[in-house]
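The exercises below are worked through on one model. Keep the sequence and the structure open while reading, and try each task before its solution.

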Amino acid sequence: MPVWETIASLARLAPTPHNTQPFRILPRDDTSADLIALTERFLPREDHGNRYVLSAFGTFAASLERSARHFGHVLTVTPIAELDPATVTDRGARVKLGRATITGGCEPTSSVDLLDTRRTSRLPYRDQLVDAQAVESLVRVASSGRHRFIAYDDPAIVAPLLRLNAEAVVDNLQLDDEREEIRRWYRLGATPEYGDGLWQRPMNQPAWEISAAFVMPHVFGWPVLRQFAVRRYLRTQRGTRHVGLLCGAFERWPDLYAAGRLLLDVWLEMARHDIYMQPMGSMLTNPVYAAEIAKRFSVDDCWLVIRFGYSDRPPRAPRLEHIVINE
């Protein structure tokens with residue numbers, strides 16, 4: 001059914017944790033399709049309770065609706081009513097998460113520029129404060145979705161948080177189950193046009209660093225090498241003047257879906273202002289570091305920590321060429 005392939009050609013740019021891209025479109029006819037998750041692409045050991053992958057479905061759904069409008073279709077995604085996030089990976093290889101329905105036509109509204117500009121930047125940032133009005137717009141967008149975007153530009157807050165994140169990245173290598181789960185998503189070599197996973201150039205990491213992290217991870221538990229690795233990682237964060245927290249409901253299925261939709265709104269608002277960001281998820285998937293974030297910032301509902309600012313255009317992580325499937 002060509003209409004679904006057309007819409008998918010843009011919707012496939014939606015971001016997902018570790019670029020796993022678990023979501024698929026299963027057409028039923030020319031105006032309706034089931035939206036399916038492939039559970040083999042979830043991250044249940046690192047993503048405790050499957051919250052981040054499931055929230056990414058909200059991001060995918062919002063991207064699907066924007067893509068449809070780009071091609072002149074009015075499309076609505078209806079998520080399934082009930083779902084236990086923690087047990088979703090026990091429900092089989094394919095799990096239906098929602099339904100997409102084309103309800104009519106509309107004047108095409110271009111989305112390709114913003115969806116393409118919206119990228120994670122792991123490059124060093126320009127040592128420059130973000131325009132205050134742009135930060136205020138991010139606060140407004142988050143508030144409209146009943147979440148809070150809390151931004152900081154005090155170096156006494158920013159620098160220690162960047163170091164805390166670097167320490168979390170290194171320390172998480174010592175968690176065998178989680179490390180082995182994400183090992184299969186790391187890719188070495190030239191970035192292909194189509195694909196999935198974490199490629200070395202978009203990750204801004206040389207091949208030897210990635211290889212060492214998985215071949216001999218436990219040596220980074222030694223104090224001297226741990227500090228070496230932390231310093232290496234912090235070099236990629238140079239020029240960062242801002243960090244931000246997204247806070248709000250992030251436990252139940254409806255809240256996860258809504259948070260994912262909100263995240264796309266915030267990210268696209270950044271793109272409108274030529275701002276890039278990098279999620280710093282290693283802290284919040286590790287209970288020890290998550291507790292430190294809660295204590296340090298006096299919040300108990302933070303679900304995303306980011307660094308953001310002005311950056312050179314980062315390389316795009318590849319996306320799968322096709323996400324439309326048959327029965």
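Two strands pair if DSSP finds at least two bridges between them. Helices (H or I, at least four residues) and strands (E, at least two) are DSSP runs, numbered from the N terminus. The model is predicted: local features need pLDDT of at least 70, side-chain atom pairs count only at pLDDT 80 or more, and totals for chains, interfaces and linings use all residues. Residues are numbered from 1 along each chain as its sequence is written, and side-chain values use heavy atoms, with hydrogens and water left out.

**Exercise 1. Find the partners of strand E10 and state how far E10 is enclosed.**

Step 1. Begin with strand E9 (residues 276-279), which runs antiparallel to E10 and is joined to E10 by four bridges. In E10, Gly309 stands opposite Tyr276.

Step 2. Go on to strand E8 (residues 242-247), which pairs with E10 in the antiparallel sense over six bridges. Here His242 stands opposite Phe308 of E10.

Step 3. Check burial, where buried means under 20% relative accessible area, exposed over 50% and partly exposed in between (1.4 Å probe, protein chains only). Eight of the eight residues of E10 (residues 302-309) are buried, so E10 is largely enclosed by the rest of the structure.

**Exercise 2. Describe the open sheet of four strands and the place of E1 in it.**

Step 1. The strand order is E1-E2-E4-E3, with antiparallel pairing. E1 (23-27) and E3 (73-79) stand at the edges with a single partner strand each, so one side of each has no neighbour in the sheet. Direction ignored, neighbouring strands are turned by 30 degrees against each other on average (axes are lines fitted to C-alpha atoms, for helices over the stretch in contact, and angles run from 0 to 180 degrees between N-to-C directions).

Step 2. E1 pairs with strand E2 (residues 32-38) in the antiparallel sense over five bridges, and the two form a hairpin with four residues between them. Arg24 stands opposite Ile36 in E2, and Pro27 opposite Ala33.

Step 3. In a regular strand the side chains alternate between the two faces of the sheet. On E1, Phe23, Ile25 and Pro27 lie on one side and Arg24 and Leu26 on the other, and all are buried. Five of the five residues of E1 are thus buried, so E1 is largely enclosed by the rest of the structure.

**Exercise 3. Which elements give two or more residues to the lining of the largest pocket?**

Step 1. On a 1 Å grid over the protein atoms alone, a pocket is an open set with protein on both sides within 12 Å along at least five of seven lines, and lining residues have an atom within 4 Å of a point. Grid points are joined across faces, edges and corners, and a volume is the space filled by probe spheres set on the points.

Step 2. The largest pocket holds about 290 Å³ of space. Its lining has 20 residues, and those closest to the centre are Arg51, Glu251, Leu284, Ala290 and Cys302.

Step 3. The elements asked for are helix H2 (51-70), helix H11 (287-297) and E10. H11 gives the largest share, four residues.

**Exercise 4. Locate Arg316 and list two backbone oxygens that its side chain reaches.**

Step 1. Arg316 is in the segment after E10.

Step 2. A polar contact is a pair of N or O atoms within 3.5 Å; within protein, one must be able to donate a hydrogen and the other to accept it, and residues adjacent in sequence count only if both atoms are side-chain atoms. The Arg316 side chain reaches the backbone oxygen of Asp116 at 2.6 Å and that of Leu115 at 3.3 Å.

Definitions and conventions
1 Å grid on protein atoms, 1.4 Å probe; cavity = no way out; pocket = protein on both sides within 12 Å on 5 of 7 lines; lining within 4 Å.
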